[in-house]
Amino acid sequence: MGLVGLGGGLAAVKRRVLARVAMAVVVVGAWGLVGGCGEGGGDGPSVGLLLPGGGDSRFGQFDRPLIEGKLKELCPHCPAALVAATPDPAVQRQQLESMITRGVDVLIIAAVDPELLRPSVEAAHRAGIPVVAYDRLAQGPVSGYVTFDGAEVGRLQAQGLLKAMAAEGRSEQIVMMNGATTDPNAEWFKEGSLAVLKGKVKIGESYDTVNWRPENAFVNMRGAVAALGANGIDGVLAANDALAGAVISALNATEVRPLPPVTGQDADLVAVRRIVRGEQYMTVYKPFKPAADAAVQMAVALGRGQSVGSIATRTVDSATTDDIPSVLLPSVPVTVDNIKDTVVKDGMYTIDQVCPPRLRSACDEAGITG
């Protein structure tokens, strides 16, 4: 049996205080830390936020501002969150250890590599700092978990791919461009997809994309075309939009015509535009606000030494910890037919963002601008 999911409480608060008294002072390295940990005042719990990407990534564009906004709303007297973002697992581990040293009260972590981060999560636990795993289930003594149902994401991708293939009279062979083996979500997506695809198509090639890097997916897709032939690929199940973009680039580079249907995930703006252009068939839209809200609710409760039982909707087991209080949220498939009723209606993008001048006629034809 693993460790029992932790819910905070007075004992944890006392452990935290004692651990900090004993903690040595360490100079914080320049690891992309932004924001204040008590630096801006405030009498609420201080929150450390670690993300696997910033800037143009979905985590930088959506998750971070939503989390920061919800924290300000829910706990106006809390200090500004201490934020760190990196796609490098070793750097993220350093960032986490720096936050422990800085003395945050609670952590929200979207782990780059959950296994590699485990010793640092354990160190946070020893310091009495609860951890909320966000989007990806970190290993170690995690106190709460918020994500989207990964099996459902995979099912939606597979169902969309089969529908698109049937509409085009394609039904034989596909390529699977999966995520990184270090990310437990990638296996979750894959299992959901395979549950739908089994017995319905032949999987000609299947790749696990190292570090989710598009350049690796590009190389793998070119290899798939070489192995299966330009006419031997009836569809591509790409695990997210970044991989989908690399897949489409590789198909274009190898002059595969017509392009087979390609799936995605995250509803990146560039992917939504590819859907308008007819290059990508679908993406999976995960409404980030409910996830951000739940993560902040858990973090503030834990930071105050309270239980998250009333926030969690179920429990989940990790490789190391049993009965983690969890929130699993639903996702929405997006095709050219429902862009206006999903990502535009929810305020994720405006019509002008989805439909720049070069895509205006295609948007008009799809009914997006009407």
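At what angle do the axes of helix H5 (residues 150-167) and helix H6 (residues 184-197) cross, and within what distance do they come? The two axes cross at roughly 40 degrees and come within 6 Å. The structure is a predicted model, and its protein chain has 13 helices and 14 strands. The mean pLDDT of the chain is 89.

**Confidence**
- Of the residues in the protein chain, 89% reach a pLDDT of 70 or more.
- Residues 1-40 have a pLDDT below 50. In the model this stretch has 88 contacts beyond near neighbours in sequence.

**Chain overview**
- The protein chain has 370 residues, of which 55% are buried.
- Taking contacts between residues at least 6 apart in sequence, 74% join residues at least 24 apart.

**Helices H5 and H6**
- The crossing of H5 past H6 is right-handed.
- On the H5 side, the contact is made by Gly150, Ala151, Val153, Gly154, Arg155, Gln157, Ala158, Gln159 and Leu162.
- H6 contributes Trp188, Phe189, Gly192, Ser193, Val196 and Leu197 to this contact.

**Helices H2 and H10**
- Helix H2 (residues 58-74) packs against H10 at an angle of about 45 degrees, and their axes are 9 Å apart. This angle makes H2 oblique to H10.
- H2 and H10 also have a right-handed crossing.
- From H2, the residues that meet H10 are Arg58, Phe62, Asp63, Leu66, Ile67, Lys70, Leu71 and Leu74.
- Their partners in H10 are Phe288, Lys289, Ala292, Asp293, Val296, Gln297 and Val300.

- In soluble globular proteins, nonpolar side chains tend to be buried together.
- The largest nonpolar core holds 51 residues, and Ile108, Tyr134, Ile339 and Val354 touch the most other members. Helix H10 (residues 288-303) supplies the largest share of this core, with 11 residues.
- Another core, of 29 residues, lies apart from the largest one and includes Ala180, Trp212, Ala224 and Val262.
- Beyond its neighbours within four places in sequence, Ile108 contacts Val47, Gly48, Leu49, Leu50, Ile67, Val132, Tyr134, Ala295, Val296 and Ala299.
- Two of these contacts of Ile108, Ile67 and Val296, also take part in the meeting of H2 and H10.

Methods: Residues numbered from 1 in each chain as written. Predicted model: local features only at pLDDT ≥ 70, side-chain atom pairs only at ≥ 80, totals over all residues. Heavy atoms only, no water. Core = buried A, V, L, I, M, F, W, Y, C linked by side-chain atoms within 4.5 Å. Buried < 20%, exposed > 50% of the residue type's maximum accessible area, 1.4 Å probe, protein only. Helix = DSSP H or I, 4+ residues; strand = E, 2+ residues; numbered from the N terminus. Contact = heavy atoms within 4.5 Å. pLDDT = per-residue confidence, 0-100. Axes fitted to C-alpha atoms, helices over the stretch in contact; angles between N-to-C directions. Parallel < 35°, antiparallel > 145°, perpendicular 65-115°, else oblique. Left-handed = near helix turned anticlockwise from the far one by under 90°.
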